[in-house]
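User: Hi! I'd like to walk through this model with you, a few questions at a time.
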Amino acid sequence: DKVYINGQIVNPEDAKVSVFDRGFIFGDGLYEVMVQINGKFFYEKKHLERLQSGLDKINIDFDAALLPNEIARLLKTAQLTDKDCMLYIQITRGVAPRQHSYPSEIKPTVMMYAVPKVLPKINMVNAHVITRKDFRWSRCDIKMTSLLGNVMLNEEAMQHNCYETILHRNGVFTEASHCNVFFVKNGVVYTHKADEYILNGITRIVVIELCNSLGIEIRETAISLSEINTIDEAFLTGTSTQIAAIQQIDDYKIYTGNEKGPVTQRLQEAFLKLK
Ligand code: PDD
């Protein structure tokens, strides 16, 4: 186990951050989660581009192009080069006396760690989900470390023995607590457009591309709460979830038993071939 902290690679117990770090005080930071599969990070470039775009949105002065070298150093020291693993990257604004506005002289805190993780070839989870009002803020496009809303909403799913909570705002489904959500209706795939109400997941982007290449019609149009009983299939996407079929939404059973819909299955099989 190794942790990368501001250029040093150390044992976890030696990885220290000031209590005045704005990540700790304000949740003023961003993160990424990537997986390495068959010796290669899955869509690394897209993850780092999203990170850079987030940094630019909140004026943290850091060049994400520096990361691939540092990631390679970390993996080497952690003896995970070429191993299936999950990498967590966190960049906070840095350490300064507490004041809300961005301090002018500040150096970002860069932390990363990797843990071995083998993802199942195809996610066999047949997820039960609950629905809740999306009470988070309206800049969900920023992959920030302040995840209290997501944490509270995911905890409710756990309390109901469910895998996820799918969220709705203004009468339409947005995303889930740590996944994006897709619906299938009459052979057409639907997902919320990538605006400020969702995180534009890399897996989401990949699934949209797959739909296009497979000739499956995809619309970035939200499904409304009242349509829920009319959908044929639904699935979740995310870096560690990959593509997970949804079996039941609240009391509405999409499938009984272990079946899954043909579109979900086709996308899962095509997704597998990308790795
Ligand atoms: N979750 N929406 C939210 C709110 C998320 O937190 C995530 C990712 C996604 C899917 O994004 P991607 O396909 O790029 O992983 C959508 C990460 C993995 C997490 O917090 O662990």
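This is a predicted model: local features need pLDDT of at least 70, side-chain atom pairs count only at pLDDT 80 or more; totals for chains, interfaces and linings use all residues.
User: Does glutamine 79 count as buried or exposed, and why?

Analyst: Residues are numbered from 1 along each chain as its sequence is written. A residue is buried if 20 or more other C-beta atoms, placed from the backbone, lie within 10 Å of its own, exposed if 12 or fewer, and partly exposed in between. Glutamine 79 has 11 C-beta neighbours inside 10 Å, so it counts as exposed.

User: Where does glutamine 79 lie?

Analyst: Helices (H or I, at least four residues) and strands (E, at least two) are DSSP runs, numbered from the N terminus. Glutamine 79, a non-glycine residue with a positive phi near 55°, lies in the loop between helix H3 (67-77) and strand E5 (85-92).

User: And asparagine 161: buried or exposed?

Analyst: Asparagine 161 lies in the loop between helix H4 (148-159) and strand E8 (164-169). Its phi is positive, about 55°, although it is not a glycine. With 8 other C-beta atoms within 10 Å, asparagine 161 is exposed.

User: Which element gives the most to the shell around the ligand?

Analyst: The ligand is surrounded by 15 residues, where near means a C-beta atom, placed from the backbone, within 6 Å. Helix H5 (202-214) and strand E13 (233-238) each supply at least two residues of that shell. The one that gives the most, with 3 residues, is H5.
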